[in-house]
Amino acid sequence: MKQDPAVVAVVAAVPTNIGFTEEKRKLAGKQFVDVGIAEEHAVAMVSGIAKNGGKPVFATYSSFIQRTYDQISQDLCI
């Protein structure tokens, strides 16, 4: 992330599950976003980041993947 300011890590309330400890989150600064328990919002946000030339990476638990799939198939793709 230090080498590429276009990279943005986005999580939905589970930063440590993808290795973002408190220290790493501080180092990432504005390149790290935790949307809380809002997976649908995260999908919409990373779509906008990507459309504008950013390089988003979004991580979520597999048990919440249905929320992200619904956002992709029902809103983003339309």
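How many aromatic pairs does the structure hold? I looked this up and found 1 aromatic pair, where rings of Phe, Tyr and Trp (its six-membered ring) pair if their centres lie within 6.5 Å. The rings of Phe 20 and Phe 32 have centres 4.9 Å apart and planes at 35 degrees, so the pair is tilted; planes under 30 degrees apart count as stacked, over 60 as edge-to-face and the rest as tilted.

I noted that this is a predicted model, in which local features need pLDDT of at least 70 and side-chain atom pairs count only at pLDDT 80 or more, while totals for chains, interfaces and linings use all residues. Residues are numbered from 1 along each chain as its sequence is written, and side-chain values use heavy atoms, leaving out hydrogens and water.

I then checked burial. Phe 20 and Phe 32 are both buried (under 20% relative accessible area, 1.4 Å probe, protein chains only).

Next I turned to the sheet. I found an open sheet of 3 strands in the order 2-1-3, with parallel pairing (strands are DSSP E runs of at least two residues, numbered from the N terminus; two strands pair if DSSP finds at least two bridges between them). Strand 2 and strand 3 (55-59) are the edge strands, each pairing on one side only. Strand 1 and strand 3 pair over 5 bridges, and Val 7 stands opposite Lys 55 in strand 3.

Last, I looked up Thr 68. Thr 68 is buried, with a relative accessible area of 4%. I found that Thr 68 touches Glu 39, Val 43, Phe 58 and Thr 60, not counting residues up to four places away in sequence (contact means heavy atoms within 4.5 Å).

Notes: Buried < 20%, exposed > 50% of the residue type's maximum accessible area, 1.4 Å probe, protein only. Helix = DSSP H or I, 4+ residues; strand = E, 2+ residues; numbered from the N terminus.
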